[in-house]
Amino acid sequence: MFVPLSDDNPLRSIQLQWVTLGLIAANVLGFIWQLTGTADDRTFSFALIPAELFQVRIFGGSAKGLHDTVYVPEAATLVSYTFLHGDFWHLFGNMVFLWVFGDNVEDAMGHVKFLLFYVLCGIAASLAHAAMLPTSTVPLIGASGAVAGVIAAYLLLHP
């Protein structure tokens, strides 16, 4: 397995990668929040569940799934699922890749565009997953799709 520890590309136009750091912090806080209380119920409420997403035609509100304990519009789960993780190693792997590659992509795009890019990559990944498994009731969680978009951008910027 390939685990990057660092890269040799210095930051050129920003002083601090605060969006990357903020995303890492948000993911860690989301994971800690998951661990407090009844984690499974929270996970089901904020995770992307393709069958529920298509039941309300994406923007039709909450599907009120069997395990949902919190009212969350299904469209919001297109983003909220990226801040939940299955276990520590799932979180750790995603955040290491975001830490190593995110700063250079943020440097190239700027803070606001990078944040928008990250969110759009997460949404695109969730829609692709849902399109492939439209009747699935298994919750999708993790920042892997958003982080994969960041890695792709990094590879285009630094081939």
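## How α1 meets α6

In this predicted model, the axes of helix α1 (residues 18–35) and helix α6 (residues 111–132) cross at roughly 40° and come within 9 Å of each other. That angle makes α1 oblique to α6.

Leaving out residues up to four places away in sequence, Y118 touches L23, N27, L98, A143, A146, V147 and V150.

Y118 also belongs to the largest nonpolar core, which has 19 residues. Along with L98, F114 and V150, Y118 is one of the residues with the most contacts inside that core. Helices α1, α5 (88–109), α6 and α7 (144–157) each supply at least two residues of the core, and the largest share, 7 residues, comes from α5. There is also a second, separate core of 7 residues, and L53, I58, L78 and A130 are among them.

Now step back to Q17, which sits in the segment before α1. Is Q17 buried or exposed? Its relative accessibility is 9%, so Q17 counts as buried.

Setting aside neighbours within four places in sequence, Q17 is in contact with L11, W99, D103 and E106.

Methods. Residues numbered from 1 in each chain as written. Predicted model: local features only at pLDDT ≥ 70, side-chain atom pairs only at ≥ 80, totals over all residues. Heavy atoms only, no water. Helix = DSSP H or I, 4+ residues; strand = E, 2+ residues; numbered from the N terminus. Buried < 20%, exposed > 50% of the residue type's maximum accessible area, 1.4 Å probe, protein only. Contact = heavy atoms within 4.5 Å. Axes fitted to C-alpha atoms, helices over the stretch in contact; angles between N-to-C directions. Parallel < 35°, antiparallel > 145°, perpendicular 65-115°, else oblique. Core = buried A, V, L, I, M, F, W, Y, C linked by side-chain atoms within 4.5 Å.
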